[in-house]
Amino acid sequence: MELRIFTEPQQGADYDTLLAVARATEDLDFGAFFRSDHYLAMGSADGLPGPTDAWITLAGLARETKRIRLGTLMTAGTFRLPGVLAIQVAQVDQMSGGRIELGLGAGWFEEEHRAYGIPFPKEKFSRLEEQLEIVTGLWKTPVGETFSYDGTHYQLDGSPALPKPAQGSVPVLIGGHGAKRTPSLAARFASEFNIPFASLEDSERQFGRVRSAALELGRAADDLVYSNALVACVGRDDAEVARRAARIGREVEELKTNGLAGSPAEVVDKLGRYAEIGSSRVYLQILDLADLDHLELISSQVQSQLG
């Protein structure tokens, strides 16, 4: 089981805060630093000092880290044209020496689109499918050849399909709870399927759907990585767990039900149950980005016990 750190900067974090978390992620031997792609805070958070852009953040971190993988859960398809996104991701991959992963989703938070004047189309899923075809098609086009695409939403004519990612093909993550179209897209395009904030039962059911969709396309089901994203709230004792839960505005019992909360032993046990249903990677949603001691505890007393 690999543990990765997942942040939600729209709730309130500047670049220096994210850099500190990314450096701790690297120093503490976690596998990756990922971030969300949102421009507006959710819930009661004030979001100060204001939103940071996911790919600008990752470009900076690409030059200021050396080992960890870097990526998004998930880049909103509504925010970027696919041709531009392919250039951005390839460039940041070059800047990182080939450590980038692209999580790409349809986009869903209509309020942030209104707040920043971003179009919010009614039909997002068919756009996502075309975006995946274009981004992966541009990367796969041999140097010296061109890429054209005539879709319903996007048209490309004679693109030189440059630049290329440093790692050849950037791993693509697709995720979600949808029962039909999401597994199908994952089977076609994804290196990894991620289900966010889901129970063991729902995760197992969705992993099964993706496996079936892969087999229907003639792809080995184990060709994909299966992962979860879960909120983390770990403490050495009950008081520390309660203090960390209060800092993020959550109740301990709710966190234990819906996430990874409690003592290191409790969290290791729950991670083991996710591993039993096929999850080999977990993105730990860290909501208090100032609490780097939390990461140290998880590294020393949770991660150290995982195979």
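**Note on the predicted model: salt bridges, fold and burial**

1. At 40% relative accessibility, Glu110 counts as partly exposed. In this predicted model, Glu110 forms a salt bridge with Arg114, and the closest N and O atoms are 3.9 Å apart. The cut-off for such a pair is 4 Å. Both residues belong to helix α4 (residues 110-116), where a spacing of 4 residues amounts to about one turn of the helix. Arg114 has a relative accessibility of 57% and therefore counts as exposed.

2. A second pair lies in helix α7 (residues 200-216): Arg205 and Asp202 are 3 residues apart, so about one helical turn separates them. An α-helix has 3.6 residues a turn, so residues three or four places apart point the same way. The salt bridge between Arg205 and Asp202 has its closest N and O atoms 2.7 Å apart. Arg205 is partly exposed, with a relative accessible area of 44%, and Asp202, at 35% relative accessibility, is also partly exposed.

3. Glu254 pairs with Arg250 in a further salt bridge, with 2.9 Å between the closest N and O atoms. Glu254 is partly exposed at 28% relative accessibility, and Arg250 is partly exposed at 26%. Elsewhere, salt bridges with shared partners link Glu2, Arg4, Arg69, Glu101, Glu192 and Arg281 into one network.

4. The structure holds 23 salt bridges. The protein chain carries 31 positive and 43 negative side chains, and the centres of these two sets lie 3 Å apart.

5. As to overall form, the protein chain contains 11 helices and 12 strands. Its radius of gyration is 19 Å, in agreement with the value near 19 Å for a compact globule of 307 residues. Along the principal axes, the C-alpha atoms of the protein chain fill a box of roughly 60 × 45 × 35 Å.

6. Of the 307 residues in the protein chain, 55% are buried. Among contacts in the protein chain with a separation of 6 or more, 73% join residues 24 or more positions apart. The protein chain exposes about 13300 Å², of which carbon and sulfur atoms supply 50%.

7. Which residues of helix α11 (residues 292-301) are buried? They are His294, Leu295, Leu297, Ile298 and Ser299. The cover over the buried residues of α11 includes the strands β1 (2-7), β10 (225-234) and β12 (281-286), together with the helices α1 (15-27), α8 (238-247) and α10 (264-276).

How values were computed:
Residues numbered from 1 in each chain as written. Predicted model: local features only at pLDDT ≥ 70, side-chain atom pairs only at ≥ 80, totals over all residues. Heavy atoms only, no water. Helix = DSSP H or I, 4+ residues; strand = E, 2+ residues; numbered from the N terminus. Rg over C-alpha atoms; globule rule 2.2 N^0.38 Å. Buried < 20%, exposed > 50% of the residue type's maximum accessible area, 1.4 Å probe, protein only. Contact = heavy atoms within 4.5 Å. Areas by Shrake-Rupley, 256 points an atom, 1.4 Å probe, with all protein chains shown as cover. Lys, Arg positive; Asp, Glu negative; His and termini not counted. Charge placed at Lys NZ, Arg CZ, Asp CG, Glu CD. Salt bridge = Lys/Arg side-chain N within 4 Å of Asp/Glu carboxyl O.
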